Amino acid sequence: MGFDQINLILFLGRDITGAENALEEDRARDTQAASVQDKAVDALRLGLRQLSNCDLTVSLGTPFLGKYEDLRQDYNRTVSNLSKILQDIIENAENIRNEARDISSTLSRRTEKTAATLEQTAASLDELTVSVKSAAEGAVQADKVVAEAKVNAEQSGNVVLETVAAMDKIAASSDKITSIIKVID
(Lines give C-alpha, C1' and ligand atoms only; values in the text may rest on other atoms or scores of the structure.)
Protein backbone atom coordinates (compact mmCIF):
# COMPACT_ATOMS: atom_id res chain seq x y z
CA MET A 1 0.00 0.00 0.00
CA GLY A 2 1.40 3.30 -1.09
CA PHE A 3 1.45 6.72 0.44
CA ASP A 4 -1.28 7.98 -1.94
CA GLN A 5 -3.52 5.07 -1.02
CA ILE A 6 -3.04 5.75 2.69
CA ASN A 7 -3.84 9.46 2.18
CA LEU A 8 -6.94 8.51 0.20
CA ILE A 9 -8.09 6.14 2.97
CA LEU A 10 -7.42 8.80 5.62
CA PHE A 11 -9.26 11.41 3.54
CA LEU A 12 -12.24 9.12 3.02
CA GLY A 13 -12.20 8.20 6.73
CA ARG A 14 -12.29 11.86 7.76
CA ASP A 15 -15.01 12.63 5.24
CA ILE A 16 -17.17 9.70 6.44
CA THR A 17 -16.54 10.61 10.10
CA GLY A 18 -17.57 14.22 9.42
CA ALA A 19 -20.73 13.07 7.63
CA GLU A 20 -21.56 10.66 10.46
CA ASN A 21 -21.01 13.41 13.05
CA ALA A 22 -23.28 15.80 11.09
CA LEU A 23 -25.89 13.07 10.73
CA GLU A 24 -25.71 12.33 14.49
CA GLU A 25 -26.11 16.06 15.28
CA ASP A 26 -29.17 16.23 12.96
CA ARG A 27 -30.70 13.21 14.71
CA ALA A 28 -30.07 14.78 18.12
CA ARG A 29 -31.73 18.04 16.97
CA ASP A 30 -34.70 16.12 15.54
CA THR A 31 -35.06 14.14 18.78
CA GLN A 32 -34.92 17.32 20.86
CA ALA A 33 -37.46 19.09 18.59
CA ALA A 34 -39.80 16.08 18.79
CA SER A 35 -39.47 16.06 22.58
CA VAL A 36 -40.29 19.80 22.80
CA GLN A 37 -43.28 19.30 20.49
CA ASP A 38 -44.51 16.24 22.45
CA LYS A 39 -44.38 18.17 25.74
CA ALA A 40 -46.36 21.08 24.24
CA VAL A 41 -48.96 18.77 22.68
CA ASP A 42 -49.34 16.76 25.90
CA ALA A 43 -49.81 19.93 27.99
CA LEU A 44 -52.40 21.28 25.54
CA ARG A 45 -54.18 17.92 25.43
CA LEU A 46 -54.48 17.92 29.23
CA GLY A 47 -55.67 21.53 29.27
CA LEU A 48 -58.28 20.91 26.57
CA ARG A 49 -59.49 17.79 28.37
CA GLN A 50 -60.03 19.84 31.52
CA LEU A 51 -61.82 22.52 29.48
CA SER A 52 -64.11 19.89 27.99
CA ASN A 53 -65.04 18.99 31.59
CA CYS A 54 -66.08 22.66 32.15
CA ASP A 55 -63.01 23.44 34.27
CA LEU A 56 -62.23 27.08 33.46
CA THR A 57 -59.60 27.38 36.18
CA VAL A 58 -56.94 25.46 34.26
CA SER A 59 -54.03 27.33 32.75
CA LEU A 60 -50.73 26.16 31.35
CA GLY A 61 -48.11 27.49 33.76
CA THR A 62 -44.91 25.86 32.52
CA PRO A 63 -43.50 27.83 29.57
CA PHE A 64 -43.09 25.96 26.29
CA LEU A 65 -39.84 26.07 24.38
CA GLY A 66 -39.40 27.91 21.13
CA LYS A 67 -42.30 28.69 18.87
CA TYR A 68 -44.73 26.75 21.08
CA GLU A 69 -44.71 29.44 23.79
CA ASP A 70 -47.06 31.66 21.72
CA LEU A 71 -49.49 28.73 21.55
CA ARG A 72 -49.45 28.36 25.36
CA GLN A 73 -50.04 32.08 25.87
CA ASP A 74 -52.93 32.06 23.36
CA TYR A 75 -54.50 29.10 25.18
CA ASN A 76 -54.21 30.82 28.57
CA ARG A 77 -55.70 34.07 27.19
CA THR A 78 -58.58 32.14 25.64
CA VAL A 79 -59.38 30.34 28.90
CA SER A 80 -59.16 33.61 30.83
CA ASN A 81 -61.45 35.43 28.37
CA LEU A 82 -63.96 32.57 28.36
CA SER A 83 -64.02 32.53 32.16
CA LYS A 84 -64.58 36.31 32.26
CA ILE A 85 -67.39 36.12 29.70
CA LEU A 86 -69.20 33.43 31.69
CA GLN A 87 -68.75 35.40 34.89
CA ASP A 88 -70.25 38.46 33.18
CA ILE A 89 -73.20 36.36 31.99
CA ILE A 90 -73.80 35.08 35.51
CA GLU A 91 -73.66 38.59 36.95
CA ASN A 92 -76.05 39.90 34.28
CA ALA A 93 -78.48 37.04 34.90
CA GLU A 94 -78.39 37.78 38.64
CA ASN A 95 -79.07 41.47 37.92
CA ILE A 96 -81.97 40.59 35.65
CA ARG A 97 -83.41 38.24 38.25
CA ASN A 98 -83.09 40.89 40.99
CA GLU A 99 -84.63 43.58 38.81
CA ALA A 100 -87.50 41.27 37.84
CA ARG A 101 -88.09 40.53 41.52
CA ASP A 102 -88.10 44.28 42.28
CA ILE A 103 -90.51 44.98 39.43
CA SER A 104 -92.77 42.14 40.55
CA SER A 105 -92.75 43.43 44.11
CA THR A 106 -93.50 46.97 42.97
CA LEU A 107 -96.32 45.77 40.73
CA SER A 108 -97.70 43.67 43.55
CA ARG A 109 -97.82 46.71 45.86
CA ARG A 110 -99.39 48.81 43.14
CA THR A 111 -101.90 46.07 42.45
CA GLU A 112 -102.89 46.00 46.10
CA LYS A 113 -103.28 49.77 46.14
CA THR A 114 -105.22 49.69 42.88
CA ALA A 115 -107.46 46.93 44.19
CA ALA A 116 -108.16 48.95 47.34
CA THR A 117 -108.87 52.03 45.25
CA LEU A 118 -111.10 50.01 42.96
CA GLU A 119 -112.94 48.60 45.96
CA GLN A 120 -113.47 52.10 47.31
CA THR A 121 -114.54 53.22 43.87
CA ALA A 122 -116.99 50.35 43.62
CA ALA A 123 -118.39 51.20 47.05
CA SER A 124 -118.74 54.82 46.05
CA LEU A 125 -120.44 53.80 42.84
CA ASP A 126 -122.88 51.65 44.77
CA GLU A 127 -123.71 54.63 47.00
CA LEU A 128 -124.07 56.80 43.96
CA THR A 129 -126.37 54.24 42.39
CA VAL A 130 -128.60 54.24 45.48
CA SER A 131 -128.71 58.03 45.50
CA VAL A 132 -129.40 58.26 41.79
CA LYS A 133 -132.12 55.64 41.95
CA SER A 134 -133.86 57.69 44.59
CA ALA A 135 -134.07 60.54 42.14
CA ALA A 136 -136.84 59.70 39.72
CA GLU A 137 -135.87 61.87 36.80
CA GLY A 138 -132.20 60.74 36.30
CA ALA A 139 -132.52 57.07 37.22
CA VAL A 140 -131.92 55.60 33.75
CA GLN A 141 -129.00 57.83 32.90
CA ALA A 142 -127.29 57.29 36.27
CA ASP A 143 -127.64 53.52 35.87
CA LYS A 144 -125.75 53.63 32.55
CA VAL A 145 -122.91 55.63 34.12
CA VAL A 146 -122.54 53.14 36.96
CA ALA A 147 -122.56 50.15 34.57
CA GLU A 148 -119.82 51.67 32.42
CA ALA A 149 -117.70 52.50 35.46
CA LYS A 150 -117.99 48.90 36.69
CA VAL A 151 -116.90 47.52 33.31
CA ASN A 152 -113.90 49.84 33.28
CA ALA A 153 -112.99 48.84 36.82
CA GLU A 154 -113.20 45.15 35.95
CA GLN A 155 -111.10 45.66 32.83
CA SER A 156 -108.49 47.55 34.86
CA GLY A 157 -108.43 44.74 37.41
CA ASN A 158 -107.89 42.18 34.62
CA VAL A 159 -105.03 44.23 33.16
CA VAL A 160 -103.37 44.40 36.57
CA LEU A 161 -103.74 40.64 37.07
CA GLU A 162 -102.28 39.94 33.63
CA THR A 163 -99.34 42.26 34.38
CA VAL A 164 -98.59 40.45 37.65
CA ALA A 165 -98.78 37.07 35.88
CA ALA A 166 -96.36 38.28 33.19
CA MET A 167 -93.88 39.49 35.81
CA ASP A 168 -94.09 36.13 37.59
CA LYS A 169 -93.21 34.42 34.30
CA ILE A 170 -90.23 36.77 33.83
CA ALA A 171 -89.00 35.99 37.34
CA ALA A 172 -89.36 32.24 36.71
CA SER A 173 -87.46 32.53 33.41
CA SER A 174 -84.73 34.52 35.14
CA ASP A 175 -84.40 31.81 37.81
CA LYS A 176 -84.10 29.18 35.08
CA ILE A 177 -81.39 31.19 33.29
CA THR A 178 -79.48 31.58 36.55
CA SER A 179 -79.72 27.84 37.21
CA ILE A 180 -78.47 26.99 33.70
CA ILE A 181 -75.54 29.39 34.01
CA LYS A 182 -74.63 28.00 37.42
CA VAL A 183 -74.63 24.49 35.92
CA ILE A 184 -72.36 25.70 33.09
CA ASP A 185 -70.05 27.40 35.56
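Modeller: Helices (H or I, at least four residues) and strands (E, at least two) are DSSP runs, numbered from the N terminus. By that rule the pattern along the sequence is α-α-α, with three helices and zero strands. This is a predicted model, in which local features need pLDDT of at least 70, side-chain atom pairs count only at pLDDT 80 or more, and totals for chains, interfaces and linings use all residues. Residues are numbered from 1 along each chain as its sequence is written, and side-chain values use heavy atoms, with hydrogens and water left out.

Of the 185 residues, 18% are buried, where buried means under 20% relative accessible area, exposed over 50% and partly exposed in between (1.4 Å probe, protein chains only). A nonpolar core is a set of buried Ala, Val, Leu, Ile, Met, Phe, Trp, Tyr and Cys residues joined through side-chain atoms within 4.5 Å. The largest such core has nine residues: Val-36, Ala-40, Leu-44, Val-58, Leu-60, Phe-64, Tyr-68, Tyr-75 and Val-79. Helices α1 (3-52) and α2 (68-134) each supply at least two residues of this core.

Across the protein, 65% of the contacts with a separation of 6 or more join residues 24 or more positions apart.

For contrast, Lys-182 lies in helix α3 (residues 139-184). Lys-182 counts as exposed because its relative accessibility is 52%.

Methods
Contact means heavy atoms within 4.5 Å.
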